[in-house]
Amino acid sequence: MIDLNTINLPDGKFNLPDFKVPLEFREPYILSGYRQPRISARECLQSIFKRCNETINVWSHIVACAFFVIRSLLVFSEHNPFEDPFVYPLLSFAIGSSVMYAMSVGAHMFNSMSNKTRHVCFFFDYAAISVYAFSAGQAFYFYSRPLNSDWIILRYHFIFALVCVAVSCFSIYSCCASRHRWIAYKYLLRTGTFMASFFVNTLPYWIRIWDCHSEVDCYYVSFPYFRRQYMFFAMAAIANGSRLPERLIPGVFDFCGQSHHFLHILSAIGNLDQMTALYQDMLGRRNALPSDPFPTFINSVFLTVIVLVANVAVVLWFSMSLKSCDSICEDKPVGKQE
């Protein structure tokens, strides 16, 4: 157990102005609150109890993760997935969401250890988001898809799953690559990539709303939660992509109120609404949905694990490319042979 009281480092080490840290450690319009680069893991842990510009990023997702895990445990105490296979997609979604929060906490906590560690931390963060989006897509397919749809992507699960796998792999690759190419558009690229992924993975619900003809498809108990989660995700994406509000008054929101804080908090609220929408559809539409395809461990949880492995493989490939980089490897392209 680490005793934080035994670490006697000046608070100034966790509250540096932007001009005292290398360019690759800076965030746009954030002028202070930076941790000293290349600190140890223990110092990174200590820093989240100090006033730095990563403190809220870490704690916002610690709280969200704890709340989500507790809620999931309550749900699965009533609906045991190991006794009822129909619950497997919701379990997969819960695992994907929890991993996303955990990876975000780790990325924001330890990204000051070194240049390479900073990259690897956020590579894994992007992978976790990509896996979460995939797990959400599978849950939407099994619980929220329309009946007898003419859309071929929804008539066969393997087609929808294949599209979602391709979107997941594209998302993680493009986000990792954005740390070294297209730097001027990196926030827009990452936000846009994950927005596109989110739209594809929620397509079963959108098509159901668009083509509602039966009582089952028009079962709108879950719709307020689906609509609200989309609203929260949209606001989170706009804040993160525009870098508002810190763009308007640089330096004012260095500790609290910056765009990434809004991204964390709004997306966490949206994620909870998303789980509620899926849970309502799981309960309300179960008897009406066709038994083919039926959720199994293989086509839900195991498939999500396969996507996780694929995303980790992409992360490792980019991480291996950093081996030959020196202390300013951020200025060099990664994963590309000239």
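## Cysteines and aromatic contacts

Cys-169 is partly exposed, at a relative accessible area of 27% (buried is under 20%, exposed over 50%, partly exposed in between; 1.4 Å probe, protein chains only). This is a predicted model: local features need pLDDT of at least 70, side-chain atom pairs count only at pLDDT 80 or more, and totals for chains, interfaces and linings use all residues. Residues are numbered from 1 along each chain as its sequence is written, and side-chain values use heavy atoms, with hydrogens and water left out.

The structure has zero disulfides (a disulfide is a pair of cysteine sulfur atoms within 2.5 Å). Cys-256 is in no disulfide either; its nearest cysteine sulfur, in Cys-52, is 13 Å away.

The whole structure holds 23 aromatic pairs. Rings of Phe, Tyr and Trp (its six-membered ring) pair if their centres lie within 6.5 Å; planes under 30 degrees apart are stacked, over 60 edge-to-face, the rest tilted. Two pairs are listed here.

| Pair | Centre distance | Plane angle | Type |
|---|---|---|---|
| Tyr-141 and Phe-160 | 5.3 Å | 20° | stacked |
| Trp-206 and Phe-226 | 5.3 Å | 75° | edge-to-face |

Tyr-141 and Phe-160 are both buried. Trp-206 is partly exposed, at 29%, whereas Phe-226 is buried, at 1%. Trp-206 and Phe-226 belong to one aromatic cluster, whose members include Phe-140 and Tyr-205.
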